[in-house]
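Please keep the sequence and the 3D view open while reading.

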Amino acid sequence: MFPLNMNDKNSERSIILIVDDNQTNLDVLFELLRNYGFKVLVALDGESAIEQIEYIHPDLILLDIMMPGIDGFETCLRLKANPSTRDIPIVFMSALSETLDKVKGFQTGAVDYITKPFQHEEVLSRIQTHLTIRTLQKKLEEKNLELAHLNHNLERLVEQKTKQLIDQEKTAIIGRLTQGMVHNLKSPLQVIQTSVDLIETQATKIQEESLFNYTKYISQAVTKINQIMDTLMMKSRKEQNQDLQAVNINDLVQREIQLLEGNLYFRNKIRKKYFYDEQIESIPLIYSYISQVFYNLINNAMDAMWERKSRELTIVTRQDESSIYMDIADTGCGIAPENFSKLFDPFYTSKPPKGEEKIEGEPTGTGLGLYTCIELLKPFDGEIAISSNVGQGSVFTVVLPKQQKSRSA
């Protein structure tokens, strides 16, 4: 017995359009399909079939080839050319059984071919097969839409989380820079306070020459404070500007180094070498993005040299016709080649996690520093190249194209 029956769910909800100019064929198929629970529509020619399909979308079309007016092949072509009807499966019906006719039918977009006179079991079996396939296709399309929606939401979530992580990293940098500024201010303030105390306690005993020296110390200290404050205010103004502006890498590096001098480890424990290409031109960048990249790479270099006897940091700026380069080289522990591919993964770090350092003062990390650098360089088509030898040190090179695709597009 044939497996399809009156209670089949596919037949109960499916609409089938029969297109044939032969009334006998229509009657036979109409009765057969209705008895199996299908909703059946009929059309006597291709034009009327296309008109019906405009407002009633069947789940499957049984289409005769030889008809007056436009034949089945042309009808099929028109339906497949219409985005709203092209996904409806079409099964050709004809007394023709020549191979060329079958091939032409498939070329126009049909999914199957049945010949007259009809074998009921064959007709029902082919209909059932293609309705099942179409149902699965619809479910797949729905799932793809759901997946696309989920991917879109996931992308937005990743963007938001990335921005949050970058902001957190930036906040941490500001905190460290603030500590350095406070330390830098303490020394000149101490000079001022000591000089004022001496003047107050020994005012009647101080000779004119000594008094002149004390006021000179005060003046020098005030000048130093003003220099520190000017540098900090200039950096603050630039970092508040999130728009593209002409940035000279040499100026940026020198300004950031002034701020880093507030870090005692940087100032006293590391030997520094600076080589600048004085011909480097300014290019459009967001100052705060590049300054954070520079700071992160310097901080990583210092951490890499934490346990080393020889601590030497070399910073080089250079250029060629297409790009500007900033090399940051250290004499640290180096990086094994197998770890290169992991370096820019979020949360990957070779340092102990924050709060888990085993030795007082030991560098810790979140694994966000290099990942943040890559994210900050993306708007400018920037990259970071690495070369390293285990036990000898590493060189991180920031590459900034002079002509960025995102700006020239």
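P68 is partly exposed, because its relative accessible area is 48% and that class lies between buried, under 20%, and exposed, over 50% (1.4 Å probe, protein chains only). The model is predicted, so local features need pLDDT of at least 70 and side-chain atom pairs count only at pLDDT 80 or more, while totals for chains, interfaces and linings use all residues. Residues are numbered from 1 along each chain as its sequence is written, and side-chain values use heavy atoms, with hydrogens and water left out.

P68 sits in the loop between β3 (60-64) and α4 (72-81). Neighbours within four places in sequence aside, P68 is in contact (heavy atoms within 4.5 Å) with D21 and D45. Its C-alpha atom is separated by 9.7 Å from that of D20, a residue 48 residues apart from P68 along the chain.

**The chain as a whole**

The protein chain has 12 helices and 12 strands, taken as DSSP runs (H or I, at least four residues, for helices; E, at least two, for strands) and numbered from the N terminus. Of its 409 residues, 41% are buried. Among contacts with a separation of 6 or more, 69% are between residues 24 or more positions apart.

In α2, the buried residues are N25, L26, L29, L32 and L33. They lie on the same side of α2, because they cover an arc of only 145° around the axis, judged by the directions from the helix axis to the C-beta atoms. An α-helix has 3.6 residues a turn, so residues three or four places apart point the same way. Helix α10 is mostly covered, with 15 of its 18 residues buried.

**The sheet and its helices**

An open sheet of 5 strands runs in the order β7-β9-β10-β12-β11, with mixed pairing; two strands pair if DSSP finds at least two bridges between them. β7 (271-275) and β11 (383-389) are the edge strands, each with a single partner strand, so one side of each has no neighbour in the sheet. From one strand to the next, the twist averages 15°.

Strands β9 (residues 312-319) and β10 (residues 323-330) run antiparallel and are joined by 7 bridges. Q319 has I324 in β10 as its bridge partner. Helix α10 (residues 287-304) packs on the sheet and touches β9, β10 and β12, its direction making about 25° with that of β10. Helix α8 (residues 249-260) lies across β7, β9, β10 and β12 (393-401), at about 160° to β9. Axes are lines fitted to C-alpha atoms, for helices over the stretch in contact, and angles run from 0 to 180 degrees between N-to-C directions.

**Nonpolar cores**

A nonpolar core is a set of buried Ala, Val, Leu, Ile, Met, Phe, Trp, Tyr and Cys residues joined through side-chain atoms within 4.5 Å. Which residues have the most contacts inside the largest one? They are F294, I298 and L313, in a core of 39 residues. At least two residues each come from α8, β8 (283-285), α10, β9, β10, α11 (369-377) and β12. The largest share, 9 residues, is from α10. Beyond its neighbours within four places in sequence, I298 is in contact with L260, F266, L313, I315 and I328. Another core lies apart from this one and has 19 residues, among them A49, L79, I90 and A110.
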